[in-house]
Amino acid sequence: MDFALSDDQILLQDQVDRAVGELAPVERVAAYVRDGDRAFATENVWQGLCSIGVPGLLVPEASGGLGLGILDAALVAEIMGRHAVPGAFLGPVVAAPLAILRAGDAEQQAELLPRIAEGSLRIAVAVSEQLSGTRGDAGVRLVDGRLSGSTQMAVDIAGADLILTADHAGRLVLVRPDAPGVTRLALNVVDRTRDAACLEFSGARPEMILPGNALAAIGAALRVVLAADLLGAASRMIDMAVAYAKIRNQFGRPIGSFQAVKHLCADMAAELEPGRALVWYAAHAQDVGLPDAALTALYAKAYLGEAARLAARNATEVHGGIGITEELGLHIWLKRISFGTQLFGGPTRLREEAAILQGYLGTSVACGRAAAE
Amino acid sequence: MDLSYTPQQDAFREEVRKFLADHADQVPPHFGVNRPTPEARAWQGLLISRGYVARTIPVEYGGSGQEPDIMKAQILAEEFAAARAPLGLVNQGISMFVPTLLEHGTEEQKRAWIAPTLHGEMVWCQGYSEPEAGSDLASLKTSAREDGDDFIINGQKIWTTTAHGADMMFALVRTEPHAPNRYLGISYLIIPMDSPGIEVRPLRTMTGEAEFNEVFFTDVRIPQTNIVGARGDGWRIANSTLKHERGMLGDPNAALARIRNLLNLMEAESVDGVRLIDMPVWCDRVMTLQGRAMAMKFHAMRLLTAAVKGEEPSLARMIVKLKATELNHQIATLAVDVLGEVGGLMGDGPLSRDRGVWQKRFMFDLGMIIGGGTAQIQKNIIGERGLGLPREPRLQAAGHNR
């Protein structure tokens, strides 16, 4: 038994860390979230990620990718979270290749996978209703080859060539964002490093319908990878708070020497650290198909969401007043954690799914779900 | 990452399973409160002869003399837990004193004390804490004064488990009142509990049981040779012992087993005709704890791998006592809530469930958060040694010179 990262995986994290550190240094990210110069994320950062092969992480080598697994994608996502890298990842790097690999036919795979791997085909992901539940009358219907209805949130939509969405029956489709009958409503996401839009369909014709079923696999992978992003963002906030607690003096000594401040730091570090092993296990479980893959994916996202939120809160408190200013930039990670905690299912929703998966909540919730159908 | 076991490890697991199946009738029904029962001692002897406990302790000291193998130790722990069979005697003599003696004792001391301790013939208690020296252990006042070839001990110890049945105490005692600092004044002494001048008083806790004792020393005479290590070196030696104690606490498989028991309880308990596990508000609470218990289990797997590779992920290890004891207390708290008014009953009796174990654990687990270094001391350790935050400046008061 060897429950640790391989040398290759440690090297992968180091390489991505160095590349991303140059690509999106903190001053540049801060300027981006302030001014919203979209091209920085959709052009500069994306081209940089392409140059180190990130879009092809999950694409098989035969199709021009790196042929790596969900654990590797999670490790890269952790670095993306650490640097709060703006732009697309969850849609084009995680959801799209998995959907086409697991649910696409040979022709679709041959056509799309090489372009995904080289980064020339960017695919947004819109599966809110499946992962976060249906709000109001949202929901996509595919009737006679035409899409109707709406989906609450398409993620990584800026610069996307296609959108991956699912109809109420779980059928996966790819549709062009500029296709007739697609209306895009840009959303004001609190985390400016990510972008999302609400989509309405009125008779839009999909580019492709994927014949297979991959929704569960995509959902689990997205949640584990996003949990890793939260891990990275939270660990960055802890590092910043600890560094500040060592140099900030009040009452004639570093604030980190006061137990009140020291324990804020210890609490968030102690809460986050077991989450690292949980993310590793959940990601590995997807890769090798362990029996608890579905359950651990839910718990990884639920646990990291709450642990990261605690880190965001405590790290901000350790900084005192300066912590809430725009200038310091701590808020970049706080907001990334805020949005990430809710995206693809918030902690309470995920635990509800964990309960149903284990056969609990038999009467109350299942009846409610059935009535809603 | 590879969660599979080697063929040798699988074979060892099979061997252990077969042993447990073949010897199920020899598992002692009672281990004894203060002293091991004859059945418990026989079981211990059997396990040592099989190489299942005292694994790495040399044969000449009564151990099994095996090569260290963390994976074998883990397989043993898992299989014995699954079979609900005790993996040998668990006491402070075996878990704390023996490792310390192996590291710091003389050859004569090792030969005299390790074998009878391992085999349950000699029972030890720990004399560290005092009424005025808890978290600030180095301020302890129990003194040993030289008198010819002997030490004369006066003072008081507290939180002493099994003091009533113990043959011997390993204790921290101030032997050098004029040492340059308070740490260098402490020695690690061995005190026979039948020495004249020792009085043991049971200390009843809120669970209603006397889990601890107070021990009073009035002119207790021991030979000066009853010292482990050098005079004034007791603080350093004790810290290596405390490290063993903290490593001992918090088995994550045990937390998941408790979650299983809690889920069973919530499936069994109904209010207004609905099982508690089917009520969303109640279910969310147990799912939260299940997620935490899983995180702790995988965290332990990570630490296990690190230990096999000889790595020391220090922060990751430091958090275990804090998080594991907190989790256990939260599990007991939810169980008491699940039982409602019945959760407020104590012990066995009308209406009680599982002989009142949940209320007892609710109280006992609070003690575990405090014992072996309080949660607040753990947070200081995590902050200072794990994160590198500065220590709190000490008051320059009398008796607190560093």
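This is a chat about a predicted model with a chain A and a chain B.

Visitor: Before we start, what should I know about this predicted model?
Guide: Local features need pLDDT of at least 70, side-chain atom pairs count only at pLDDT 80 or more, and totals for chains, interfaces and linings use all residues. Residues are numbered from 1 along each chain as its sequence is written, while chains are lettered from A and ligands numbered from 1 in the order in which they are written.

Visitor: OK, what ipTM and pTM does the complex get?
Guide: The predictor gives an ipTM of 0.95 and a pTM of 0.93.

Visitor: How many residues are in contact between chain B and chain A?
Guide: On chain B there are 40, in contact with 44 residues of chain A. Two residues are in contact if their C-beta atoms, placed from the backbone, lie within 7 Å.

Visitor: Which helices of chain B supply at least two residues each to that side?
Guide: They are H8 (280–308), H9 (314–339) and H11 (375–386). Helices here are DSSP runs of H or I, at least four residues, and strands are runs of E, at least two, numbered from the N terminus. H8(B) has the largest share, 14 residues.

Visitor: And nonpolar, polar or charged, how does that side of chain B divide?
Guide: Into 24 nonpolar, 8 polar and 8 charged residues. Ala, Val, Leu, Ile, Met, Phe, Trp, Tyr, Cys and Pro count as nonpolar, Asp, Glu, Lys and Arg as charged, and the others, Gly among them, as polar.

Visitor: Switching to chain A: what domains does the assignment give?
Guide: Domain 1 (7–118), domain 2 (123–209) and domain 3 (215–372); the bounds come from an automatic or database domain assignment.

Visitor: What about strands, which ones does S3 of chain A join?
Guide: S3 (residues 146–155) is joined by 7 bridges to S7 (residues 196–204) of chain A, and they run antiparallel. Strands pair if DSSP finds at least two bridges between them. Ser148(A) stands opposite Ser202(A) in S7(A).

Visitor: Where does pLDDT stay under 50 in chain B?
Guide: Over residues 246–250, and also over residues 398–402. pLDDT is the predictor's confidence in each residue, from 0 to 100. Where it is low, the predicted coordinates should not be read in detail. The mean for chain B is 91, and 95% of its residues reach 70 or more.
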